[in-house]
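Please read it alongside the sequence and coordinates.

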Amino acid sequence: KARASIMSDYSDIYGRIHEAREITADIARVTPLDRSSTFSRMSGGEVYLKLENLQKTGSFKVRGASYAISQLSDSEKEAGVVAASAGNHAQGVAHAATRLGIKSQIVMPVFSPVAKIQATKGYGAEVILHGEMFDESLARAYEIAESTGATFIHPFNDKNVIAGQGTIGLEILEALPEVDVVAVPVGGGGLVSGIAIAMKTQKPEVEIYGVEAASAASMKISMETGQPAPAEKMDTI
C-alpha cells in the first residue's frame, strides 16, 4: 500500500516535470551539456557537465521557484511570497516573482554573501537579514508567512519545486540519450529527487548517485537511520 502511494507520487511529479518545462520555457534556460576532457581522462570514461552555472540567476534554483510560483492561485499571488535562503533560492524566487508581478520577501542569514544579497534585491525582492544560521532565517520566514498571509516557497521540500528542478533530467536525456550514470549534488534533496524521477521514469536502467560532502553528510545518515537527520557540522570547503 505504501509503495503504491509512493509510485503515485512519482507519477504525479513526473507529469508536473513536463508541465514545468512548458511553463518555465521563457524563464529558465536550456543549459549546455559540456564534455569535460579533464574528468573524462581522469575517470577513463566519457564525462559531461550540466552547466547550470550558466542558468538565469546563476543556479538551477530558478527552475523550481518559477514553476512553484506559477502554480499559485490568484489570491495567493496577490498576497505575495516569502522564502528563506542564503543566496541561490533567494535569487530564483525573487526573479520568478518579479516576472509574474508578485511581491516577494526573502529572509537571508546575516552572513550571506553581499553579492547575493544585492543580486536578490536587484531582482526585485525585499531582503530581510535575520539570524546567524539558516534555521533562524527559516523560522523568521515562516513567521512572516503566517502573519501576512504570503505563501512560503520552500527551497526543496515541495512537489512543484522538485518538478521544476526535474526539468534538468529531461534536458540531459535529450542531449545525451546514451547516458549511464548521473552524479547529482545533494543539499536538501530537491534537485536529486527531480532528476531521478525525470530520468528513471524514462530510462529505468540509468544510475543516479547523490553526492554530498563527507563533513555534511545529512542525507547519507538519514538513509542509514531511516529518518531525517540534520547535518551536525558544516566543516567543508
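The second largest pocket has a volume of about 590 Å³. This is a predicted model, and every value here is computed from it. The structure also holds 11 salt bridges and 1 aromatic pair.

**Second largest pocket**

- The lining of the second largest pocket is made up of 21 residues.
- Gly-189, Val-192, Ser-193, Met-219 and Met-223 are the lining residues closest to the pocket centre.
- By class, the lining residues divide into 13 nonpolar, 6 polar and 2 charged.
- Four elements each supply at least two lining residues: helix 1 (2–23), helix 9 (190–202), strand 8 (207–211) and helix 10 (218–225).
- Helix 9 gives the largest share of this lining, with 5 residues.

**Helix 3**

- Is helix 3 largely enclosed or largely open? It is largely enclosed by the rest of the structure, because 9 of its 10 residues are buried.
- Helix 3 spans residues 61–70.
- The buried residues of helix 3 include the charged-type side chains Lys-61 and Arg-63.
- Val-62, Gly-64, Ala-65, Ser-66, Tyr-67, Ala-68 and Ile-69 are also buried in helix 3.

**Salt bridges between elements**

- Lys-159 forms a salt bridge with Asp-12, and their closest N and O atoms are 4.0 Å apart.
- Lys-159 lies in helix 8 (residues 159–175) and Asp-12 in helix 1, so this pair ties together parts that are 147 residues apart in sequence.
- Lys-159 is partly exposed, with a relative accessible area of 33%. Asp-12 is partly exposed too, at 31%.
- Glu-171 forms a salt bridge with Lys-50, and here the closest N and O atoms are 2.6 Å apart.
- Glu-171 sits in helix 8 and Lys-50 in strand 2 (residues 48–50), so the bridge links parts that are 121 residues apart in sequence.
- Glu-171 counts as buried, because its relative accessibility is 6% and the cut-off for buried is under 20%.

- Glu-143 pairs with Arg-140 in a salt bridge, with the closest N and O atoms 3.1 Å apart.
- Why are these two residues about one helical turn apart? Glu-143 and Arg-140 are 3 residues apart in helix 7, so about one turn separates them.
- An α-helix has 3.6 residues a turn, so residues three or four places apart point the same way.
- Both partners count as partly exposed: Glu-143 has 44% relative accessibility, and Arg-140 has 31%.

**Aromatic pair**

- The count of aromatic pairs comes to 1. Tyr-142 and Phe-152 form this pair, at 4.5 Å centre to centre.
- The angle between the ring planes is 40°, so the pair counts as tilted, given that stacked needs under 30 degrees and edge-to-face over 60.
- Tyr-142 lies in helix 7 (residues 134–148) and Phe-152 in strand 6 (residues 151–152), so the pair ties together parts that are 10 residues apart in sequence.
- Tyr-142 is partly exposed, with a relative accessible area of 40%, whereas Phe-152 counts as buried at 16% relative accessibility.

Definitions and conventions. Residues are numbered from 1 along each chain as its sequence is written. This is a predicted model: local features need pLDDT of at least 70, side-chain atom pairs count only at pLDDT 80 or more; totals for chains, interfaces and linings use all residues. Side-chain values use heavy atoms; hydrogens and water are left out. Rings of Phe, Tyr and Trp (its six-membered ring) pair if their centres lie within 6.5 Å; planes under 30 degrees apart count as stacked, over 60 as edge-to-face and the rest as tilted. Buried means under 20% relative accessible area, exposed over 50%, partly exposed in between (1.4 Å probe, protein chains only). On a 1 Å grid over the protein atoms alone, a cavity is a set of points where a 1.4 Å probe fits but cannot get out, and a pocket is an open set with protein on both sides within 12 Å along at least five of seven lines; lining residues have an atom within 4 Å of a point. Grid points are joined across faces, edges and corners, and a volume is the space filled by probe spheres set on the points. A salt bridge is a side-chain nitrogen of Lys or Arg within 4 Å of a carboxyl oxygen of Asp or Glu.
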